[in-house]
Amino acid sequence: MSNSGGGHVSRRALIAGAVAAGGLMGQGRAVAAAGPAAQGGAVRIAPGDVRYENLLRGNNFRFAGQPDEIRVATSADQVVRAVDEAVRAGRRIAVRSGGHCFENLTAAPEVRTLLDLSGMNDVGYDARRNAFSVQPGATLGQVYRTLCAGWGVTIPGGGCPEVGAGGHIAGGGYGPLSRRYGAVVDHLYGVEVVVVGKDGRARVVVATREPGDPHRELWWAHTGGGGGNFGVVTKYWLRSPDAGERLLPPVPRNMVQHVVFWDWGQLTEEKLSGLLRNFGTWHERNSAPGAPQAGLYGILEVKHQAGGVAMLAVQADADLPGVDAMVTEFVGAVSAGLGLTPVYDLRKTMPWLHRMTWPGTGEPGDVLTRRYKIKAAYLRRSFAPKQLNALWRNLTSPSGGAGSVLLIGYGGQANAVKPQDTAIAQRDVVMKAVYQSVWIEEHEDAANLAWVRELYRDVYADTGGVPVPNDVNDGSYINYADADLADPAWNTSGVSAQRLYYKDNYPRLQRIKARWDPRNVFTHSLAIEPG
């Protein structure tokens, strides 16, 4: 891994960083010590408690379950006790860290115990394992700030600072630095997991990537196998393979960001198709591991015609050699030959941490718009002509004014890992596609859901309404959970949701599921089924 944009982190610096960041690292423990959970098990919150409604919902207000209890845990021991009690009582368990699940996997009617891990939010350096430790309730913003302040390192995670590390890492994790440094789980050294055995008893297991670790398969399952499948993760350890004393990628000093907006009134079907095709073609040509352009991270968002704009955003480490010229070439390539005139065109450089921790960044809406439906897919190359036609039809339809389509740059170092080496099977893709609608009121649910579902089915009409792997499509990303993939009304391909998410890695995940969750305690509508 390149060390450009950051310095060498020695063992002495790690120890010094632990002292310097002590205040940051101790916040979670200080809060926990003040609460009743410090004197016993996880806090139990039942319906009727003033806290129940406040803690019931995650980020997507479309979903609110009615569990018998919400258990707020602040330690692995409390998680063990809470899981034991739920299993003995026959209560279905769901686990939540940051609450940003796109579907109702933690809010289904069957869930009777909602285990809230938001209080388990420590981030630090573990000298015994020579790795950085992250608890599941730490938000990505907390992770970035603490690793930066203490050690000047980071992980290539997502650009939404409020997302919890728990689900983000288990599903693979990616973000603005992934084309340069790979997926988050490419740096995952180990996991601490509360599992339930055949005897129905919960216990803590540590699994690492060490070749001789008898629990190594459980580690592998957490390198993209998704949350809520095998047990309750209570800690992650992160250390890059062959990282030496640095352990993790260095923090960029500054990020350069270039944003361009085009007015929808300039777009025709030909020009919209050109934008999408140009973005894809650039990524086809510039996504090899180690390519200089792998340091660039681009997003193209085309709103529904009623939204009025199409937007291109690109960001990169400002210290990359030739970065300004690369950004200019990229922006030019996306709009080449289309005759579009930007209504807004700005390039700005800012500190990396400022960019990655700005409140609300990347969130699907604000305090009012907390209802959304998001569908997704991987792309090996640009959309096929019939797919581009479908996008035009739906983005100009009478309905769908709250919707948009995003292409997100991927590939680069994320494609340097073999599909079988982690649970992430998609290791030759260059983009992720997101189809979404974000709205405010409950009475708008039906119309918005219908639009985004019909859009998706139209784009993938040739493969049963879903992105069955072929020369263009390559399934989908489990962290962009979409229950429709398991619904035969929307998936007529004959390919299961699990195969779309995990491809040929699914049988191995099933075997691990059978070994570590033999009673199928941890399950949901997209869950891995025991093999």
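How many bridges pair β14 and β16, and in which sense? The two strands pair in the antiparallel sense over nine bridges.

## Ground rules

What you're looking at is a predicted model, where local features need pLDDT of at least 70, side-chain atom pairs count only at pLDDT 80 or more, and totals for chains, interfaces and linings use all residues. Residues are numbered from 1 along each chain as its sequence is written, and side-chain values use heavy atoms, with hydrogens and water left out.

## The sheet

Seven strands make up an open sheet with antiparallel pairing, in the order β13-β10-β12-β11-β15-β16-β14. β13 (344-351) and β14 (371-379) sit at the edges with a single partner strand each, so one side of each has no neighbour in the sheet. From one strand to the next, the twist averages 15 degrees. Strands here are DSSP runs of E with at least two residues, helices are runs of H or I with at least four, and both are numbered from the N terminus. Two strands count as paired if DSSP finds at least two bridges between them.

Helix α11 (residues 323-335) packs on this sheet, touching β10 (254-263), β11 (296-303), β12 (309-317) and β13, and its direction makes about 160 degrees with that of β12. Helix α14 (residues 445-459) lies across β14, β15 and β16, at about 160 degrees to β16. Contact means heavy atoms within 4.5 Å; axes are lines fitted to C-alpha atoms (for helices, over the stretch in contact), with angles from 0 to 180 degrees between N-to-C directions.

## A closer look at β16

On one side, β16 (residues 431-439) pairs with β15 (residues 403-409) in the antiparallel sense over seven bridges. V405 has Y435 as its bridge partner, and G403 stands opposite S437.

Searching the whole structure turns up three cavities of 30 Å³ or more. A cavity is a set of points on a 1 Å grid over the protein atoms alone where a 1.4 Å probe fits but cannot get out, and lining residues have an atom within 4 Å of a point. Points are joined across faces, edges and corners, and volume is the space filled by probe spheres set on them.

The largest cavity holds about 140 Å³. Its lining has 19 residues, with G58, F63, R96, T106 and A107 nearest the centre.

Notes. On a 1 Å grid over the protein atoms alone, a cavity is a set of points where a 1.4 Å probe fits but cannot get out, and a pocket is an open set with protein on both sides within 12 Å along at least five of seven lines; lining residues have an atom within 4 Å of a point.
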